[in-house]
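Reader: I like to see the rule behind every label. Could you take me through this one, cut-offs included?

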Amino acid sequence: MSIELRGVVKRIGAITHIKPTTLTLEAGRFNVLLGATGSGKTSLIKLMAGLDPVAEGTILMGGRDVTRLSPQKRNISLVHQFFVNYPHMTVFENIASPLRVAGMAKSEIEDRVREAAALLQLTPMLQRRPQELSGGQQQRTALARAIVKQSQAVFLDEPLANLDYKLREELRDQLPELFAGRGAVVVYATSEPEEALMLGGSTALMDDGRVVQFGPTAEIYRHPANLTAASVFSNPPINRAQIVKRGDEARLNADTAWTLTGAAAALADGPYTVAIRPNYVLPARTETATVPLNGRVLITEISGSDSSAHFSIGEENWVSLAHGVHSYEIGADHRFFMDPSKCFYFGPDGTLAA
Amino acid sequence: MKTVNQKAWFFVLPVLALVAFNALIPLMTVVNYSVQETFGDNLFFWQGLDWFEQLLRSDRFHAALGRQFLFTGMILAIEVPLGIAIALAMPRKGFWVPVFLVIMALPMLIPWNVIGAMWNIFTLPGIGLLGYLMNETLGIPYNMTQDPVAAWITVVVMDVWHWTSLVVLLCYAGLVSIPDAYYQAARIDGASSWKVFRYIQLPKMRTVLTIAILLRFMDSFNIYTEPFVLTGGGPGNSTTLLSIDLVKIALGQFDLGPAAAMSLIYFAITLLVSWLFYTLMTREQAK
């Protein structure tokens, strides 16, 4: 199974929600759509699900043109960010509903529902109604409805966004194995880079109604194709600044310069944009973080076991993210250190140079 | 030792005073009248439960009560399904939403006696638009001042015209609060529009529908102004609903004792039926 988009465009009135998009999503792995709110993840999913009309282009599912097919005929499942279940039906009836509509035999429905419920630990709740369940159980009911159907494609639109932290981790760990070996194309939309990394598979980075980069998740994390892709796939936001390259030296300002090695050293001299993830900008010198950055601390935060600091170098704002609890004095000057081997260099047109 | 702050009573007193003045004292006055025979010069004679007994055995009361239940039953049977249907047909977004909402709200904004007067003129044979149309143009004899059936149809249609909007607006509020995701789920499942109504829209409207039915029951059961202005209870006694009969006894005949007893029974029935409705309709949810 695969879903193939060929030059697909979505328009509502004069506004283009999805710009021409060509993309092939395969079964057997997670296909993550990663992008900020409003970047077009949900719009793209609705196009693939057939909930919104395609303005231009074609959509193929398993080689069959489904562009004009109704959602029902595409044999798909969709799980939403908030928990959508039929309110006055029991969990059993909810899970069974797509099978009932399809007119399946009663005994087979019973078997399939019990199997899905067992997989999602819903067996004790089968006779209850959705309102009597916790958020996590409600979402598991919706997931059970999605897998019981054995559809060709399963769309998960930020399914964990409304769950609390603990449940989220639990369910996220279960998700890949739930869909493994079902032969369905699994599309998972999220706005969190960490989630994409944890789920693995392939990731399509989305920005402003476009897929800016698509490929194996780890691969595109390590090699963003352009500045936009690098920004989408970083949380906190990636640090970026203008440098001038001359010979094998990259100069940020009068205080800071470093020696380029490898592919970066071979670039033509001139201005570049350097980008580095916050976790390679540290509050103290280490073996790898060797380039000093003289900044002024603006804001600091401690979340979990990480400390982040926002600081300014001249007009530019930078972020440092380090393990452990570090204390900074707000407004004071502090010397941060970055790892020059983790820098990305982008040319004036925004594409990756080295 | 536990300290008790007696000042809290001062915050409860205004409410107590208000409720006493607008509910308890008038109600107790009615109770007082209902067990006595009243003459001029404030002469009272103890009657015990005589008035209640007399009333419960009176054919006149039974007839009025029957008419009342018939009226309420008819308007509920029409207004609830009609209100749901109109709410379903109304646009959910776009330019027409406020237009429809205002049109829907209009009948409810008109003073009740004006509604009675409007419909009275509207249906007059030979003068009123409807009366003229029926009699002169279509040739169907229609005169609600003489024909009991015509009078009933007019009273019921007037109430439907006046109050269906309430059901519409409440149901509409329930409908627009259903997130799009539910409809999407139904489309993916391939559910028919009847199933969407039965399994998504109706359950989601349930709470507002309970409120709508309760309000319509209480209001229609206590209706007075519009039919009084429209038909005055006639022709004969054919549209004399409970409240109209009550006013006739109390102010027309000045029988304060029987009128007070009737008020109390009337009140008890309204309370009982409302409670029954509410318990039946919320029992399912509580399960």
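Reader: What makes Glu4(A) count as partly exposed?

Author: First, the ground rules. This is a predicted model, where local features need pLDDT of at least 70 and side-chain atom pairs count only at pLDDT 80 or more, while totals for chains, interfaces and linings use all residues. Residues are numbered from 1 along each chain as its sequence is written, chains are lettered from A and ligands numbered from 1 in the order in which they are written, and side-chain values use heavy atoms, without hydrogens or water.

Now Glu4(A): its relative accessibility is 22%. Buried is under 20%, exposed is over 50%, and partly exposed is whatever falls in between (1.4 Å probe, protein chains only). So 22% lands in the middle class. Arg6(A), at 44%, is also partly exposed.

Reader: How do you know that Glu4(A) forms a salt bridge with Arg6(A)?

Author: The rule asks for a side-chain nitrogen of Lys or Arg within 4 Å of a carboxyl oxygen of Asp or Glu. Here the closest N and O atoms are 3.1 Å apart, so the pair qualifies. Over all chains, the count by this rule comes to 18.

Reader: Why does the pair Glu158(A) and Lys41(A) tie together parts that are apart in sequence?

Author: Their closest N and O atoms are 3.8 Å apart, which makes a salt bridge. Glu158(A) sits in the loop between strand 7 (153-157) and helix 5 (165-179) of chain A and Lys41(A) in helix 1 (residues 41-49) of chain A, so the link joins parts 117 residues apart in sequence. Both Glu158(A) and Lys41(A) are buried. Helices here are DSSP runs of H or I with at least four residues, strands are E runs of at least two, and numbering goes from the N terminus.

Reader: And what makes Arg216(B) and Glu79(B) a salt bridge?

Author: An N to O separation of 2.8 Å between the side chains. Arg216(B) belongs to helix 9 (residues 193-221) of chain B and Glu79(B) to helix 3 of chain B, so parts 137 residues apart in sequence are tied together. Arg216(B) and Glu79(B) are both buried. Salt bridges with shared partners join Glu79(B), Asp159(B), Arg216(B) and Asp219(B) into one network.

Reader: Is Met158(B) buried or exposed, and how do you know?

Author: Buried: its relative accessible area is 1%. Met158(B) lies in helix 7 (residues 148-176) of chain B. Its C-alpha atom is separated by 8.1 Å from that of Ile115(B), 43 residues apart along the chain.

Reader: What makes Phe11(B) exposed?

Author: A relative accessible area of 68%.

Reader: Why are strand 13 and strand 20 of chain A said to stand at the edges?

Author: Five strands make an open antiparallel sheet in the order 13-12-11-14-20 (chain A). Strand 13 (257-259) and strand 20 (344-346) each have a single partner strand, so one side of each has no neighbour in the sheet. Two strands pair if DSSP finds at least two bridges between them. Strand 14 (residues 270-276) and strand 20 of chain A have three bridges, in the antiparallel sense, with Thr273(A) partnered by Phe346(A).

Reader: How do you know that strand 1 and strand 2 of chain B pair?

Author: Four bridges join the two strands, which run antiparallel. Phe39(B) stands opposite Leu43(B). Their hairpin has three residues between the strands, and Asp41(B) there takes a positive phi near 60 degrees.
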